[in-house]
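Me: I would like to learn how to read a model of this kind, one feature at a time. Could you take me through it, giving the general idea and then the case at hand?

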Amino acid sequence: MSERVPRILIVDDERPILRFLSASLGAQYEISEAATGEDAIQAVASEHPDLMILDLGLPGMDGVEVTRRLREWTDMPIIIVSVREQESDKVAALDAGANDYLTKPFGAGELMARIRVALRHTAPVEVDAVFQSGDLTVDLARRVVLLGSQEVDLTPKEYDILRTLIQHAGKVLTHRQLLRAVWGTAYESETHMLRVNVSNLRRKIETEPAKPQHIITEPGVGYRLRDNR
Amino acid sequence: MERRPDPEALLAQAQAEERGRGKLKIFLGYAAGVGKTFAMLEASHQRLREGVDVVVGYIETHKRAETESMLAGLDVLPRASIDYRGIKLTEMDVDAILRRHPELVLVDEMAHTNAPGVRHAKRYQDIEEILDAGIDVYTTLNIQHLESLNDAVAQVTGVIVHETVPDSVIDEASDIEVIDLPPEELLVRLKEGKVYIPDQAARAIQEFFRQGNLTALREMSLRRAAERVDDQMRSYMRTRAIPSVWPASERLLVCISPSPHAEKIVRAARRLADELNADWFVVYVEVATRPELNPNHRARIDQTLHLAESLGAKARTIAGRSIPEAVFNYAHKHNITKIVVGKPLRPRWREWFSGSVVDQLVYASGDIDIYVIGANLESVQPLVSPAWRPHRPALRYALSLGLVGLATLVGLLFRAHIEPTNLVMIYLAAVVISAVYLGRGPSLLAAIAGVLAFDIFLVPPYYTFAVSDTQYVVTFFVLLTIGLVVSTLTGRVREQAEAAVQGEARATALYSLSRDLASATNLEQVVNTIIMHISEVFGRDVAIFLPKDGQVATFAHSSGYVPDENELAVANWAFQHDQPAGRGTDTLPAASVRCHPLKTGGGIVGVLGVHPSQAGSALTLEQRQSLLGFADQAALSIERAMLAEQAKQAELLAAADKLQTALLNSISHDLRTPLVAITGTLSTLEQDDQHLDAATQRSLIHTAREEADRLNRLVGNLLDMTRIEAGAMKVKLEACDVEDLVGTAIGQMEERLEGRTISVNIPADTPMARVDFVLIVHVLNNLLDNALKYSPKDSPLEIQGRRAQNEIQITVMDRGIGIPRDDLQKVFDKFHRVQRPEQVTGTGLGLSICRGIVEAHGGRIWAEERRGGGTCVTIAVPMAEPQ
């Protein structure tokens, strides 16, 4: 199965964008296309693609709704593509279960990286016991965090945040998703609490907290752990 | 005095001819059944044959076969149906006529009164409107319906006609055709049943159709037509400027009183004025608002003045110390040659005391002729006061007698101790008190009663008229004289004071309006000031309608009164026809609002609507005149405010225009430059025949990519600006870590910041800021972008964050070329770019977007010179509440 060329479904109503994506991804992936949300759902049901690139501003059924419908029965990774004006839609799609997002216009390299991360997460969860990125080492089995060779002392919540981010390394997590994972569903809107903890966490694991290398803020959306593996 | 045709009059006449107003032809008859309608139809058939577009607007055939047959071949417009309290009434459809716009329209029965709810109260007003639209009109009229002949007809025939048309209508008609039929023949037609008589009035009409009556009416109509021919002759001479027969112009002044005969006098004066071809004036002299003048009298005066106006007179209320004085003042001012007054109705004995106004007028008339017109006492019902009023004369006379009684009682107490010559002073006091508080009549009574009481009770021998000492005769005489003089003097003083107070109140009200208007700066304030003053002075609800797209719309109104659609329609009519309309006028009198066009030299600026707060109260003539004064003042101020507003608009437009040009200049350059690079690269690669080596290709692509990013930033900025300007920017306030804000901004610009050292200095205990994370990151991006653009490639940047009181300040600092001191403020203005020879691109939008965003947070942004060279830009935003 690992040898099979992954299939990607591209959903966008703009012809030039479809053409550009097909051209740039066609060398490595098998591409199919859809122009509306309805067609996309149809295609997912019949073709079972490995990943979907979904434009938010579709005519008729919009991207958020498509994500919601698909998540009722499939875990196939979905990468959202949106323009800057659609902040709230973007967060809604991510909360609905989309795996990642990209803001238009974007470079092909960036897209490739996101696709790689998304496809990796679909493989059976085999999170390494030890996460290593740059000077940061986290031993999940022993709950030990090292910055270089120095052990870092984290509060339980800070550790939980870091662990959750590591489990989805390279992928954006919305405020809501992080809060739900660390504090539980009752705290979904306590963004303030999350910010304070992330800020403290950064002071402990970033050499220069004002120029973070590990925990990247996605403005208006959430956080992403940079994955340098 | 030499009379030459007035050039202005000639001009007016020429304009009237040019204006294209329709011509009016009246078929004048002396009674029903003489064949007016038939003659009119006959004439219209003739016109039809000449190719004129003739339409029947309204014809009453009364089912007469010969008339009905004449309708054949004519285009008859359907009548409008009006629903009046459940009854269907049909009236002429004026709007349909105006829409159809024929050359000639036939309208029967000019004197007809329209059903309530129709636009005009009278049909002749409908005809006026049709004529104004440039349509010729044929109409019919019976002589008894002419306003000025109304009384004469009533006297001759004993029938009072209520439907009248003003004489001016006849004067304005371009043609009058008298339909004559000898009375004998008319009576024959009547017997044959050829004359239509409504059933319910049959008897009265039978009375009316007597040979004597008919002959008199016939004579009247022929004479009226002859007068009219005479007028035409004169008018012809005037247009040809033939001065030799110019008559010495007569000017008539008619004085009226609250007497029920006043209307009759006005009508008679109108005939006199007509015969003399004179201008005429009707005045009521207000010696003061005497308590005697009860509301009924006042209403009658208003009604009479109104009638005079409708008959073509200039009607005025004038004030003065005495009637003759006021009348002669007015007469001399207006070159009056004849004065018309009514015969006094008061019993002869009353004139012994107060003197007859007519006598006084005749005595003082000098070279002015005085005409005295008699009254027919039987035909008039005396005016009955509807209710007992405290200011009724009887009470005041009784009070004055009471005062005399009181004086007598005091006198009786002291007559044993005090000389009668001194006791007389008590009576004098009673007379003076009466004069001051009760008016002239009661004080006269007090003087006379005082003399009698003094004689009977205080002068020995008591209780008789007999006087023991003849010296008391002197006392009586002096008491009486003093009483008379004092009462006259105090009465006059009081009257003048009251008149002065009234006049002053009016002047003060108008003055305070103009003062408040002067301090009003914009249209809204002006209008509200007008509304406030008018509703205060007249006790009315007020609305101001201003034009909008060729119509008027309600602009402002008194609180508690919102004009409804009907009232707006009245305002629109007043606006379009430049005439008062609504309540108390002839047009749409059923409406609840009275609308005055607000006119200035420049035209109509709007409409003033006055609406009574309680039903039933009508404005008096003075109030109406005073209201006109207010309206003039209001019109001027509204015009001034509107002009100012227009000027401001024009200024704004010019500024916007300038801005737009700047935008186009700046943006077209900045949008095209990246596109040139991108298009160039792509076309080069497209046509490439393997000549370009890999390194060149990569460099080309890299440039194109950078340019595309720049284009993206520019478009983003333009969109942001648009959003800020449209107020569409949503600010989602959250507690945000300052370090995170700065870090994210730096992270997003990582590529472009390569090779620069950026030092960030934020104390660890800096509280969170309460901002929209995305927007503030955007601001920091823009500030960093500017710092990069305006500083040397390898110079360091610095960012500081700190708390200052209750706000968070973030400063972005560079070691660049700096901003000239004069420009430190202006850099935040839209499209402002510091003039630089260097090739630095940018629209000058970045900093203005920053300001827009920061101000939307309730924050500030400013630029400073940095010590040691360079620029500091600081934003200050609110601090989050510590949680």
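Me: How many residues does the contact take from chain A and from chain B?

Reply: Bear in mind that this is a predicted model. The size of an interface is often given as the accessible area lost when the parts come together. Here we can count residues instead: the contact takes 15 residues from chain A and 19 residues from chain B. On the side of chain A that touches chain B, α8 (191-205) and β11 (215-218) of chain A each supply at least two residues, and the largest share, four residues, comes from α8(A). By class, that side of chain A has six nonpolar, five polar and four charged residues.

Me: What does the secondary structure of chain B come to?

Reply: Chain B has 28 helices and 25 strands, and of its 883 residues 34% count as buried. To see how the chain folds back on itself, look at the contacts between residues at least 6 apart in sequence: in chain B, 69% of these join residues at least 24 apart.

Me: In what order do the six strands of the open sheet in chain B lie?

Reply: The order is β3-β2-β6-β7-β1-β8, and the pairing is parallel. The edge strands, each of which pairs on one side only, are β3 (75-76) and β8 (175-178) of chain B. For one pair inside the sheet, take β6 (residues 104-107) and β7 (residues 136-142) of chain B, which are joined in the parallel sense over four bridges; there B:L104 has B:D136 in β7(B) as its bridge partner.

Me: Which strands of chain B does helix α2 lie across?

Reply: Helix α2 (residues 36-49) of chain B lies across β1 (24-29), β2 (54-58), β6, β7 and β8 of chain B, and runs at about 165° to β7(B). Helix α5 (residues 123-132) of chain B lies across β1, β6 and β7 of chain B, at about 160° to β7(B).

Me: Which residues of α2(B) are buried, and which are exposed on the other side?

Reply: An α-helix has 3.6 residues a turn, so residues three or four places apart point the same way. In α2(B), the buried residues are B:K36, B:T37, B:M40, B:L41 and B:S44. Seen down the axis of α2(B), they fall within an arc of 130°, so they line one face of the helix. On the other side of α2(B), B:E42, B:Q46 and B:R49 are exposed, while the cover over the buried residues includes β1, β2, α3 (65-70), β6 and β7 of chain B. After α2(B) comes B:G51, whose phi is positive, near 95°.

Me: Is B:D772 buried or exposed?

Reply: A residue counts as buried if 20 or more other C-beta atoms lie within 10 Å of its own. B:D772 has 22 within that distance, so it is buried, although B:D772 lies in a loop, between β21 (769-771) and α26 (773-789) of chain B. Leaving aside residues up to four places away in sequence, B:D772 touches B:V731, B:K732 and B:L733.

Me: In what sense do β14(B) and β15(B) run?

Reply: They run antiparallel: six bridges join β14(B) to strand β15 (residues 551-557) of chain B, with B:F545 opposite B:T554 in β15(B). Their hairpin has two residues between the strands, and B:D549 takes a positive phi near 55°. Strand β14 (residues 540-548) of chain B also pairs with β18 (residues 603-612) of chain B, in the antiparallel sense over six bridges.

Conventions: Residues numbered from 1 in each chain as written. Chains lettered and ligands numbered in written order. Predicted model: local features only at pLDDT ≥ 70, side-chain atom pairs only at ≥ 80, totals over all residues. Buried ≥ 20, exposed ≤ 12 C-beta atoms within 10 Å, placed from the backbone. Contact = placed C-beta atoms within 7 Å. Pairing = 2+ DSSP bridges. Axes fitted to C-alpha atoms, helices over the stretch in contact; angles between N-to-C directions. Nonpolar A, V, L, I, M, F, W, Y, C, P; charged D, E, K, R; others polar. Arc of directions from axis to C-beta.
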